[in-house]
Amino acid sequence: MAIPDFQSAMLPILRMTADGEEHSIAEALELLADAFKTTGEERNQLLPSGRQTTLYSRAGWAKSYLLKGGLLEKTGRGRFRITPRGRDVLKGAPDRIDVEFLGQFSDFAIAHSGVGSRLPRAIPRA
C-alpha cells in the first residue's frame, strides 16, 4: 500500500493517543507504517530534499494539524497526548479526520486561514 497523505494519517494518530499516555512521533511512524502496510522501501523513501522520509513528513504534518485543532497537546519535544476535545471527537467515531473536519473548531480555522500560516492547504480528494 502507498504512503498515506497527511490527512489519512490524522485519525490513526489520534486513536493511538486514546490511552491518554504521552506518545512520540517515532511511535506514530511505526503505527502508520504498520497500519498502511508500507514496504521497507516506502518507509525509507525520502522527500525530494533528501532530508527526511516521506512517512516522517506526513506524520509530522498530521500531528501539527491535530495540535492546531486542539485534539492533541504538546508535552515535550516531539511528544504529545490527547486532549479532552480529542477524546470527544473519538467518542463520535469519525470515519476520517481531515482539514474540512478540523475546520469546525474555531482555533483551527483561525490558525489555518491566517495570513502567513505555515500549514499546507489540503489536497482535494478525488
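Q: Is Thr83 buried or exposed, and what is its relative accessible area?
A: Bear in mind that this is a predicted model. Buried means under 20% relative accessible area, and Thr83 falls under that cut-off, so it counts as buried. Its relative accessible area is 9%.

Q: Which backbone oxygen does the side chain of Thr83 reach?
A: Start with where Thr83 sits: in the loop between strand 3 (79-82) and helix 5 (84-91). Leaving aside neighbours within four places in sequence, Thr83 is in contact with Gly70, Leu71, Leu72 and Glu73. At 2.5 Å, the side chain reaches the backbone oxygen of one of them, Gly70.

Q: How many residues of helix 1 are buried?
A: Helix 1 covers residues 6-16. The buried ones are Phe6, Gln7, Ala9, Met10, Leu11, Pro12, Ile13, Leu14 and Met16. That is why helix 1 is largely enclosed by the rest of the structure: the count of buried residues, out of 11, is 9.

Q: Which residue caps the N-terminal end of helix 1?
A: Look for a side-chain oxygen by the backbone nitrogen of Gln7. There is one at 2.8 Å, and it belongs to Asp5.

Q: At what angle do helix 1 and helix 4 pack?
A: Helix 4 spans residues 54-68, and its axis lies 8 Å from that of helix 1. The crossing is right-handed. Angles of 65 to 115 degrees count as roughly perpendicular, and the pair is therefore put in that class. The packing angle is about 65°.

Q: Which residues of helix 4 make the contact with helix 1?
A: The two helices pack with their axes 8 Å apart. On the helix 1 side, the contact is made by Phe6, Ala9, Met10, Ile13 and Leu14. As a reminder, an α-helix has 3.6 residues a turn, so residues three or four places apart point the same way. On the helix 4 side, the residues are Arg58, Ala59, Trp61, Ala62, Tyr65 and Leu66.

Q: With which side chain does the side chain of Asp107 make a polar contact?
A: Asp107 sits in helix 7 (residues 106-113) and is partly exposed, at 34% relative accessibility. Not counting residues up to four places away in sequence, Asp107 touches Lys68, Gly69 and Arg85. The polar contact, at 2.9 Å, is with the side chain of Arg85.

Q: What separates the C-alpha atoms of Asp107 and Gly69?
A: Along the chain, these two residues are 38 residues apart. The separation of their C-alpha atoms is 6.4 Å.

Q: What is phi of Lys37 near?
A: Lys37 is in the loop between helix 2 (25-35) and helix 3 (40-44), and it is exposed, with a relative accessible area of 62%. Its phi is positive, in a residue other than glycine. The value is near 50°.

Q: Where does Ala93 lie?
A: Ala93 also has a positive phi, near 50°. At 55% relative accessibility, Ala93 counts as exposed. Its place is in the loop between helix 5 and helix 6 (99-102).

Q: In what order do the elements of the protein run?
A: The protein has 7 helices and 3 strands. Among contacts between residues at least 6 apart in sequence, 62% join residues at least 24 apart. From the N terminus on, the order is α-β-α-α-α-β-β-α-α-α.

Methods. Residues are numbered from 1 along each chain as its sequence is written. This is a predicted model: local features need pLDDT of at least 70, side-chain atom pairs count only at pLDDT 80 or more; totals for chains, interfaces and linings use all residues. Side-chain values use heavy atoms; hydrogens and water are left out. Buried means under 20% relative accessible area, exposed over 50%, partly exposed in between (1.4 Å probe, protein chains only). Helices (H or I, at least four residues) and strands (E, at least two) are DSSP runs, numbered from the N terminus. A polar contact is a pair of N or O atoms within 3.5 Å; within protein, one must be able to donate a hydrogen and the other to accept it, and residues adjacent in sequence count only if both atoms are side-chain atoms. Contact means heavy atoms within 4.5 Å. Axes are lines fitted to C-alpha atoms, for helices over the stretch in contact, and angles run from 0 to 180 degrees between N-to-C directions. Angles under 35 degrees count as roughly parallel, over 145 as roughly antiparallel, 65 to 115 as roughly perpendicular and the rest as oblique. A crossing is left-handed if the near helix is turned anticlockwise from the far one by less than a right angle, and right-handed if clockwise.
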